[in-house]
Amino acid sequence: MIKGFIFDLDGVITDTAELHYEAWKKLSDEMGWHFDRELNEKLRGISRMDSIKVIMDHNHVSLTDDAVVALATKKNDIYVASLDTMTPNDYLPGAKELLTHLRQEGFLVALGSASKNASKVLQQLNATHFFDVIGDGNSVAKSKPAPDIFLYASEKLKLQPSNCVVFEDAEKGIDAAIAGGFHSVGIGPAERVGHAEVRFDSMKEATFFEVKSFFSEFF
């Protein structure tokens with residue numbers, strides 16, 4: 001039986017992707033590195049430290065560990081400052097409605113995000129009350145595609161992975177859900193999340209009715 005729902009944050013609940021892009025772009029410009037939207041796509045769903053390594057590899061740059069940490073921290077400072085512009089109007093269409101419905105139906109709900117700033121984002125959205133458990137980049141050591149963040153969330157919910165549905169918009173996120181033995185809902189294009197059990201173009205289509213209909217044998 002499905003008893004719990006675990007949500008990624010960026011690209012599922014809200015879209016901070018543009019804020020991340022602008023922060024990485026500003027840092028890259030300051031460093032004289034090439035960074036564009038195509039490269040930015042490769043950062044979807046991975047941690048800050050993994051992201052800066054992708055950018056450095058692309059630019060054939062090698063730095064000391066301390067320098068890499070300092071730059072990642074600088075990017076984060078730029079990003080966190082931009083979060084103050086977020087409001088409760090910044091849910092992706094359909095996301096707040098689904099979270100509200102799950103609360104009304106009595107399901108357990110967790111966040112499973114690679115972001116270390118997830119709590120700040122939830123506060124800006126006024127969304128913290130929707131979640132029983134918040135799993136973020138501070139909760140586990142291994143980021144997606146390792147299933148650790150989702151396993152952390154399900155453990156805190158006191159549920160088996162097979163009793164949980166994961167919502168993800170990133171290829172590595174769906175990989176992580178599958179690796180952990182979770183049910184999976186992909187949000188986005190087939191070439192990115194087509195390997196999920198069911199896929200929707202956006203959260204607006206991923207209503208409680210549609211999700212429950214697809215997984216009807218588990219409800």
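Modeller: Start with threonine 16. This is a predicted model, and in it threonine 16 has a relative accessible area of 0%. The cut-off for buried is under 20%, so threonine 16 counts as buried. Threonine 16 sits in the loop between β1 (4–7) and α1 (17–31). Leaving aside residues up to four places away in sequence, threonine 16 touches Asp10, Tyr79, Leu83, Met86 and Val121. With tyrosine 79 there is a polar contact, side chain to side chain, at 3.4 Å.

Now the domains. Domain 1 covers 4–15 + 89–215, and domain 2 covers 16–85. Their C-alpha centres are 24 Å apart. Across the boundary, 16 residues of domain 1 are in contact with 17 residues of domain 2. About 1300 Å² is buried between domain 1 and domain 2, and carbon and sulfur atoms give 47% of that area. On the domain 1 side, Asp15, Asn117 and Lys120 lose the most area to domain 2, together 31% of what that side buries.

Next, the polar links. Domain 1 and domain 2 share two salt bridges. Lysine 120 pairs with aspartate 84 in a salt bridge, with the closest N and O atoms 2.7 Å apart. Eight residue pairs are in polar contact between the two domains. Helix α6 (residues 118–125) gives the most to the side of domain 1 that touches domain 2, with three residues. That side divides into three nonpolar, four polar and nine charged residues.

Aspartate 8 lies in the loop between β1 and α1, and lysine 144 in the loop between β3 (133–135) and α7 (148–157), so their pairing ties together parts 136 residues apart in sequence. The two form a salt bridge, with the closest N and O atoms 3.1 Å apart. Both lysine 144 and aspartate 8 are buried. Glu168 joins Asp8 and Lys144 in a network of salt bridges.

Other charged pairs are partly exposed. In helix α1, lysine 25 and aspartate 29 are four residues apart, so about one helical turn separates them. Their side chains meet in a salt bridge at 3.4 Å, N to O. Relative accessible area is 27% for lysine 25 and 46% for aspartate 29, so each counts as partly exposed. Glutamate 41 and arginine 44 also form a salt bridge, with the closest N and O atoms 2.9 Å apart. Glutamate 41 is partly exposed at 41%, and arginine 44 is partly exposed at 25%.

How values were computed: Residues are numbered from 1 along each chain as its sequence is written. This is a predicted model: local features need pLDDT of at least 70, side-chain atom pairs count only at pLDDT 80 or more; totals for chains, interfaces and linings use all residues. Side-chain values use heavy atoms; hydrogens and water are left out. Helices (H or I, at least four residues) and strands (E, at least two) are DSSP runs, numbered from the N terminus. Buried means under 20% relative accessible area, exposed over 50%, partly exposed in between (1.4 Å probe, protein chains only). A polar contact is a pair of N or O atoms within 3.5 Å; within protein, one must be able to donate a hydrogen and the other to accept it, and residues adjacent in sequence count only if both atoms are side-chain atoms. Contact means heavy atoms within 4.5 Å. Domain bounds come from an automatic or database domain assignment. Buried area is the accessible area (1.4 Å probe) that two parts lose on being put together, summed over both. A salt bridge is a side-chain nitrogen of Lys or Arg within 4 Å of a carboxyl oxygen of Asp or Glu. Ala, Val, Leu, Ile, Met, Phe, Trp, Tyr, Cys and Pro count as nonpolar, Asp, Glu, Lys and Arg as charged, and the others, Gly among them, as polar.
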